[in-house]
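The sequence and the model come next.

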Amino acid sequence: MSRPREIPKINSVVITFNGDKKSFEMFIESLILDYLNSCSIAKPEPQNFIGKVENNMKSA
């Protein structure tokens, strides 16, 4: 039997960013939002085109 896998706990992160302050803040914000939303399941948007598609029988 194999030993159960241990998930490492991250204590700190070092990020090197080569850009301006506004871009860096947007980057950090996107990282935080991705982390916070990583557990949620994305819901597909409702399809607005049902019943509005033409059936064209011409071949290419």
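Buried means under 20% relative accessible area, exposed over 50%, and partly exposed in between, with a 1.4 Å probe and protein chains only. By that scale phenylalanine 27 is partly exposed, at a relative accessible area of 31%. The model is predicted, so local features need pLDDT of at least 70 and side-chain atom pairs count only at pLDDT 80 or more, while totals for chains, interfaces and linings use all residues. Residues are numbered from 1 along each chain as its sequence is written, and side-chain values use heavy atoms, leaving out hydrogens and water.

The chain has one helix and zero strands; helices are DSSP runs of H or I with at least four residues, strands are E runs of at least two, and both are numbered from the N terminus. Phenylalanine 27 lies in helix α1, residues 21-36.

| Separation | Value |
|---|---|
| In sequence | 10 residues |
| In space, C-alpha to C-alpha | 9.1 Å |

For the chain as a whole, buried residues make up 0% of the 60 residues. The chain exposes about 7,200 Å², of which carbon and sulfur atoms supply 56%; accessible areas come from the Shrake-Rupley method with a 1.4 Å probe, and for residues only the protein chains shown count as cover.
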